[in-house]
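Biologist: I want to go through the charged pairs in this protein. Can we take the labels one by one?

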Amino acid sequence: MATAINIQSSCSEDEWKARQRLAACYRIFAYLGWDEMIFNHVTLKVPGECADGNGAFLINPYGLHFSEVTASTLVKIDIDGNTLDGSTYPVNKAGFTQHSLFHRELPDVHAIIHTHTTATMAVASLEGGLQPVNFYAAAIVPRLAYHKFEGVTVHEDEGPRFLASLGKKRMMLLENHGPVVMGKTLEEAFLNHWVLQRACEIQMQTLSMGKPVVIGEEVIKKHLANLSQASIDPAIQGVPEFDAMVRLIDREDKSWRE
C-alpha cells in the first residue's frame with residue numbers, strides 16, 4: 001500500500017485516474033482470458049503529457065501477470081523508453097518498440113492494445129484473414145488493416161512499414177502474430193478489441209462447420225452506417241461496456257485500484 005500512496009502523491013489527479021483505468025483494463029483482460037502469461041500490452045498516454053509526440057505513456061511492468069497489475073505498478077515511460085516514475089520494473093522491448101512508434105506518430109491514438117488471443121491469432125494466420133461472415137465481422141472488415149510477419153517486433157526499422165500497412169485505419173492484424181487495436185480512448189480501444197475478438201471466435205466456429213454465408217458489400221455499408229443507432233451515446237463509445245466490466249471485476253477483487 002505504501003507504494004501506491006507514493007505513486008499517487010507524486011502524480012497528477014488525471015494521471016492517477018488514467019492509471020486506475022488502465023489497471024482495470026488489465027484485470028478485465030485477465031478475467032476474459034485475453035492474457036498471455038506475462039506477455040502482451042495495453043498502453044495509454046498520460047493526459048496532458050503528450051504534446052508534439054514527445055509525451056509519456058503507461059505500460060504494464062514486464063514480469064507481472066495481467067491479474068497482478070495495479071495502478072501503482074504500471075510503468076510511466078517517455079517516447080524513448082526512459083522510465084519517468086522511478087519504477088524498478090523492466091519494460092518488454094517488443095512492446096515498447098511497437099507501441100512507442102504508434103504513440104509518437106499518431107496524435108489521435110491514445111490507447112493501444114496488442115494481444116495473442118487464440119481466436120485473433122488463428123484468424124491472423126488464415127489466408128484471407130477476417131471474413132465478413134458474421135454480425136461482428138461486418139463492423140470490422142472494412143476498418144481492418146494487415147501487416148506481413150517480420151518476426152518479433154524489436155527492430156525500429158520495421159516502423160515505416162507498420163505505418164504504411166496501417167494507413168488511416170486504427171485496427172490491424174499482424175499476420176501470423178495477432179491484433180493491434182488503437183483508440184482515441186481506452187474504452188473505445190477496448191470495445192473494438194472485444195468486437196474483433198468475437199468476430200474471430202465466431203469465424204473459427206463457422207468455418208469448422210462448412211461453407212459460410214458471406215455478407216455482401218452493400219449490406220456491410222448499411223450495417224456500418226446504422227451501428228451508431230445501437231449505441232447509448234457514440235460520443236462515449238465503449239464507456240458503458242467498460243464500466244460494466246469494471247463493476248464485474250470489482251466484485252472479484254479491488255486491488256487493481258491501489
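The talk below turns to salt bridges and the accessibility of their partners.

Modeller: This is a predicted model, in which local features need pLDDT of at least 70, side-chain atom pairs count only at pLDDT 80 or more, and totals for chains, interfaces and linings use all residues. Residues are numbered from 1 along each chain as its sequence is written, and side-chain values use heavy atoms, with hydrogens and water left out.

Biologist: Why is the pair E187 and R21 called a salt bridge?

Modeller: The term needs a side-chain nitrogen of Lys or Arg within 4 Å of a carboxyl oxygen of Asp or Glu. The closest N and O atoms of E187 and R21 are 2.7 Å apart, so the pair qualifies. E187 sits in helix α7 (residues 186-209) and R21 in helix α2 (residues 13-32), 166 residues apart. Helices here are DSSP runs of H or I, at least four residues, numbered from the N terminus.

Biologist: What makes E187 buried or exposed?

Modeller: Buried means under 20% relative accessible area, exposed over 50%, partly exposed in between (1.4 Å probe, protein chains only). E187 has 11%, so E187 counts as buried. R21 has 24%, so R21 is partly exposed.

Biologist: How do you know that R198 and E201 are separated by about one helical turn?

Modeller: They are 3 residues apart in helix α7, which means about one turn.

Biologist: What makes E218 and K221 a salt bridge?

Modeller: Their closest N and O atoms are 3.7 Å apart, so they meet the cut-off. E218 is exposed because its relative accessible area is 59%.

Technical notes. Helices (H or I, at least four residues) and strands (E, at least two) are DSSP runs, numbered from the N terminus.
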